[in-house]
Amino acid sequence: MKIHLKMRFFSILGASLLLNFLGGRLTEAHTPAATAAATAAQATPVFRLDGGNSTYAFGVNERGELQPLYWGGRLGAHDNIPAAHSFPEAASFDSPYTTTPQEYASWGAGLFTEPALKITFADGNRDVVLKFVRATPSGPQSLDVLLKDISREIYVTLRYSMDAESGILARSASIENKEKQAVLVEQAAAAQWTLPPARYALSYLTGRWAGEWTLNQEPIAGGERVIESRRGTTGHQANPWFAISRDDSHAGGGPIVAGEEHGEVWFGALAWSGSWRFTIEKTQLDAVRVTGGFNPFDFGYKLPPGEHLDTPIFYGGYSDHGLGGASRLLHRFEIAHILPQAPDPKPRPVIYNSWEATEFRVDEAGQEAIAEKAASIGVNRFVMDDGWFGQRKDDHAGLGDWYVNSEKFPHGLKPLIDKVHSLGMDFGLWVEPEMVNPNSDLYRKHPEWVLNFPGRPRSESRNQLVLNLARPEVRDYIFGFLDKLLTENDIAFLKWDYNRNWSEPGWDQVPADEQKRVYVEFIRNLYAILAELRKKHPKVEIESCSGGGGRVDLGILRYTDEVWPSDNTDPFDRLAMQDGFSYAYTPQIMMAWVTDSPHWLNFRATSLAYRMLSSMQGSLGIGANLNKWNAEDFATAKRLIAAYHAVQPTIVRGDLYRLISPRGGSEFSVTETVARDKNQAVVFAFTQATQEGRGLPLLQLEGLDPDAEYKLSFIEGQARPDTPVSASGAWWMRHGIDLDLRGDFRAAAFQLDRQH
Ligand code: GLA
């Protein structure tokens, strides 16, 4: 059957999906051969998605390949995007198959750029050439595009879904094998993003344990820049987020810069908590492509006939307000669409966590004593960290044995939990479900449950091994003990930790050619356990922790309410980490504890007010040893926790402006967050070892309503005496405010409230 369509237009809630057939014909069961045979005179389909301030378009070229056409600021509703035309051969060395950008390039024909898909067939064939079959709207702003190899029964469905508000596009692929024999998928990206030739800067996040969230910025030059994790998990070392800024301020040369509040930015984040890879490539024709998804390193997913492999989702968005605009879009999107309590996640309770105070030395009396002190300063949730279970005295034993240690808690957890409740707080508990110490009952019973290659060493890290969650019995064991723990105890919160990366990732329970599926099945089972737990215990909230920020990504964030960004709680180091973190993730999920001074990591001494203000930029927690606090400390903390509660919704849900970055040896750091309704702004300012008497520069605020009147009140510190108590948004943004802040590790914070 043939359908004759001039134009179909779907529009809902400001987003539109336009299937523009440009007067051409599209057969419903369009065979690749027929598409390939289409003559140049016959117009080919163009697909357009609009949302927020962005437009994304791609089309089918005359050879039947799916080709990107446009990604950027929103185009006019009636603008016609010209049909796709493949690029010519660039010398005999680069065939049109490699010069033509593709939406999802398969390795085959003469492709030399990064492929999205690479497959080996049972007969040894490794050539895959995908052609367009059909496009089907899957929702008002969503589209499924079916591609097929030119001769083999390999089908790829590309999924597109545009968010009406943010213009963030969700892309993923599903690879289906309808051949008679199994195939081996060796590379499977979630999506490829293409930008036309121009001068660009790349921003990305790297780090290490206790040093996560370093923002790197560099010009995109010829060749490839790879950021990845081969660790079986997201990793501290790089985070699956990127931003590409267009630099047109120096068209004739000069350094390539990324603007914080101006200029075009394209960004993306991968929703996957396993090994991942981004390849940012400037091709021989100067186009820029980002390919991201499963890490192809050691990858090999055996796909039996009739089965399919779904990739994670790769989200991409666009802002013309610089990196600041890009992160504000992402923050809103995470809150509205990713987090388990989306679109309206509760502000995080102010927590107390025992780890830095008591480490493994937890017991009933000790925890109850600290809980009393925590309650007295306004803490809402008391979390007992590591040490409460099995034979856990240090990190050499106990992981895997999730029964309550009867020496430390002779009457179980109930007395402590009851005490915490009586103090007006809810109770949270630390677990590390995917791990086992060789010195544990679980390991003695099931040594075969860990990732390992039989007959080979089992490399330990922190004296522990990784349980192979891909095994159904391990998945059931983990779900079982967590379910029991949550059923038998009144627990409101789990801190879910994960303190090492994979080694020797063998899975000898399945045939040799299926063992590499562990990279996918492990993570799927992790997500399945989290989903099932949340379903069965809907009131329980969960934190993703991995020795700090080793597992933070949009995949785990669908199941966890918050994350632990770093084990490094030094308040000054945290400023730079929080700055980096905020490029990709909302402050709503960014837990930040106030701990002891001098700090254990670098012996830096800071005032309690400085430490409090550093942490108050995210979701506040206290991790200090309250047994060592004096009356003044308690009074300061109580006052600032009360102030925090009053402005927390603005801080964690508002629009963040990084007014002065602490990066690059800056003497200052300033953030401002403006409530969505512009009724309130909260500003945090810090100095670090200012020199030559220099004071904090004049602060010109952002994002206020220029015509509204705002009243100034200080949370900590003060302004110059001649600062008005109340002035217009225009005044605070243009005239600005002088805090007269200088010296070592000083901090101030104030709020502006709209006067009605
Ligand atoms: C990890 C976490 C810490 C703490 C310890 C406990 O390092 O990041 O916050 O929970 O484990 O062993």
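Let's begin with a pair of charged side chains: Glu261 forms a salt bridge with Arg328, and their closest N and O atoms are 2.8 Å apart. This pair joins distant parts of the chain, 67 residues apart: Glu261 sits in the loop between strand S17 (238-246) and strand S18 (265-271), while Arg328 belongs to helix H3 (residues 322-338). A salt bridge here is a side-chain nitrogen of Lys or Arg within 4 Å of a carboxyl oxygen of Asp or Glu. Helices (H or I, at least four residues) and strands (E, at least two) are DSSP runs, numbered from the N terminus.

You are looking at a predicted model, in which local features need pLDDT of at least 70 and side-chain atom pairs count only at pLDDT 80 or more, while totals for chains, interfaces and linings use all residues. Residues are numbered from 1 along each chain as its sequence is written, and side-chain values use heavy atoms, leaving out hydrogens and water.

How enclosed are the two partners? Arg328 is buried, at 11% relative accessible area, whereas Glu261 is partly exposed at 25%. Buried means under 20% relative accessible area, exposed over 50%, and partly exposed in between (1.4 Å probe, protein chains only).

A search of the whole structure finds 51 salt bridges. Another one joins Glu372 to Lys419, with the closest N and O atoms 2.6 Å apart.

Strands S6 (residues 54-60) and S7 pair in the antiparallel sense over seven bridges; pairing requires DSSP to find at least two bridges between two strands. Strand S7 (residues 66-73) is largely enclosed by the rest of the structure because six of its eight residues are buried.
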